[in-house]
Amino acid sequence: MTETPTIAISEVKPRGIARVSGRVVAIQVEPSDAPPAFTVRLEDGTGRIDAIFMGRREVPGIAPGTHLSLEGRVCETDALPRLYNPRYELVPSA
């Protein structure tokens, strides 16, 4: 299986598969009376993208400042592009 090459967030295309890497700049957790969702905002210096992990209120190892690599199908929105339930990999900081 071929690995998807990492691209800049500014280069992601709606409905395409993308692999991006960057630093977590914000996290949002839905309140307990709403369906579980854990949203991570990733920034790489060229843009921002939101990753939404449905059915979860936390993802071990992911916190503001964490470096991540994400891969998934890009969804088009009026605001930022989004990845729903992407594959993720924690990237060690240099």
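Lys and Arg count as positive and Asp and Glu as negative, while His and the chain ends are not counted. The place of a charge is taken as NZ of Lys, CZ of Arg, CG of Asp or CD of Glu.

This is a predicted model, in which local features need pLDDT of at least 70 and side-chain atom pairs count only at pLDDT 80 or more, while totals for chains, interfaces and linings use all residues. Residues are numbered from 1 along each chain as its sequence is written, and side-chain values use heavy atoms, with hydrogens and water left out.

View 1. The mean positions of the 11 positive and 12 negative charges of the protein are 2 Å apart. The protein has 6 strands and 0 helices, in the order β-β-β-β-β-β along the sequence. Strands (E, at least two residues) and helices (H or I, at least four) are DSSP runs, numbered from the N terminus. Along the principal axes, the C-alpha atoms fill a box of roughly 40 × 30 × 30 Å.

**View 2. Surface and contacts of the whole protein.** The accessible surface comes to about 5,700 Å², and 50% of this surface belongs to carbon and sulfur atoms. Accessible areas come from the Shrake-Rupley method with a 1.4 Å probe; for residues, only the protein chains shown count as cover. Of the 94 residues, 31% count as buried. Buried means under 20% relative accessible area, exposed over 50%, and partly exposed in between (1.4 Å probe, protein chains only). Among contacts (heavy atoms within 4.5 Å) between residues at least 6 apart in sequence, 48% join residues at least 24 apart.

View 3. Threonine 4 is placed in the segment before β1 (17-29), and arginine 19 is in strand β1. Arginine 19 counts as buried because its relative accessibility is 12%. A polar contact is a pair of N or O atoms within 3.5 Å; within protein, one must be able to donate a hydrogen and the other to accept it, and residues adjacent in sequence count only if both atoms are side-chain atoms. The side chain of glutamate 71 makes such a contact with the side chain of threonine 4 at 2.8 Å, and with that of arginine 19 at 3.3 Å. Leaving aside neighbours within four places in sequence, threonine 4 also touches Ile17 and Arg19.

**View 4. Aspartate 44 in a loop.** Aspartate 44 lies between β2 (37-43) and β3. With 25% relative accessibility, aspartate 44 counts as partly exposed. Its side chain has a polar atom 2.8 Å from the backbone nitrogen of isoleucine 9, and a polar contact of 2.7 Å joins it to the side chain of threonine 46. Not counting residues up to four places away in sequence, aspartate 44 touches Ile7, Ala8, Ile9, Ser21 and Gly22.

**View 5. Glycine 55 in another loop.** Glycine 55 sits between β3 (48-54) and β4 (67-75). At 55% relative accessibility, glycine 55 counts as exposed. Beyond its neighbours within four places in sequence, glycine 55 is in contact with Pro36 and Ala37. Its C-alpha atom is separated by 27 Å from that of isoleucine 7, 48 residues apart along the chain.
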